[in-house]
Amino acid sequence: MAVFLLVSFQNSFTQCMYYPVSVEQRVSNAKYIVLGKVTDKHTYIDKTTGNVNTLNKLTINAWLKNFSNVNEVYVITLGGVYGNVATQVNPSLQLDQQHEYILMLEANNQLNDDKNFRSKNPQALQLLTYADAQGCLTNNNNTYFDLADRTTKNEQEIFQTINRLTG
């Protein structure tokens, strides 16, 4: 007995190229900057575009800009697999549960958010990163990689930079 699985696969190349966004611009334009780790994720169909997105639950270890009383935020990343539909976005930000991240986030997003999740959790912040993948610094042994300038900085350096820029 043969079993066949039909998967609808969409490619989205709306962000074909990055132009470097300075850390000063990213810090200045981000509504929130947080330090945290992904603890859960699920995919959903974006009602605006019809594409699959991933909603990453990020447990907050520290608020680095614009403190909020919430202990978690939900970071929207473009692409994913939902049932038999997949959307691949290149390049795009992909978060995993193995790393800690510093994320520079935009304001609460009610355009590309997960509408079903929003109806059950209206107070939850669903956010995109500012400058997509450039708004994410990945911690690897207390060293953070900055995609924009392709450098690494230790934890103290990046915290001092953010502190200097946010006052």
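Buried, in what follows, is under 20% relative accessible area, exposed is over 50%, and partly exposed is in between, with a 1.4 Å probe and protein chains only. By that cut-off Arg 118 is buried, because its relative accessible area is 12%.

Some ground rules. This is a predicted model, in which local features need pLDDT of at least 70 and side-chain atom pairs count only at pLDDT 80 or more, while totals for chains, interfaces and linings use all residues. Residues are numbered from 1 along each chain as its sequence is written, and side-chain values use heavy atoms, leaving out hydrogens and water.

On confidence: pLDDT is the predictor's confidence in each residue, from 0 to 100. The chain average is 90, and 89% of the residues score at least 70. Residues 2–9 stay under 50, with eight contacts beyond four places in sequence; contact means heavy atoms within 4.5 Å. Residues 11–16 are also below 50, and that stretch has 14 contacts beyond near neighbours in sequence. Where pLDDT is low, the predicted coordinates should not be read in detail.

Back to Arg 118. Its place is in helix α2, residues 115–120; helices (H or I, at least four residues) and strands (E, at least two) are DSSP runs, numbered from the N terminus. The side chains of Arg 118 and Asp 113 are joined by a polar contact of 2.5 Å. That term means a pair of N or O atoms within 3.5 Å; within protein, one must be able to donate a hydrogen and the other to accept it, and residues adjacent in sequence count only if both atoms are side-chain atoms. Beyond four places in sequence, Arg 118 has contacts that include Asn 108, Ala 124 and Gln 126.

Next, Asp 114, in the loop between β7 (100–105) and α2. The Asp 114 side chain does reach the backbone nitrogen of Asn 116, at 3.2 Å. Among the residues that Asp 114 touches are His 42, Tyr 44 and Gln 126.

Last, Ile 45, in strand β2, residues 32–45. Ile 45 counts as partly exposed because its relative accessible area is 30%.
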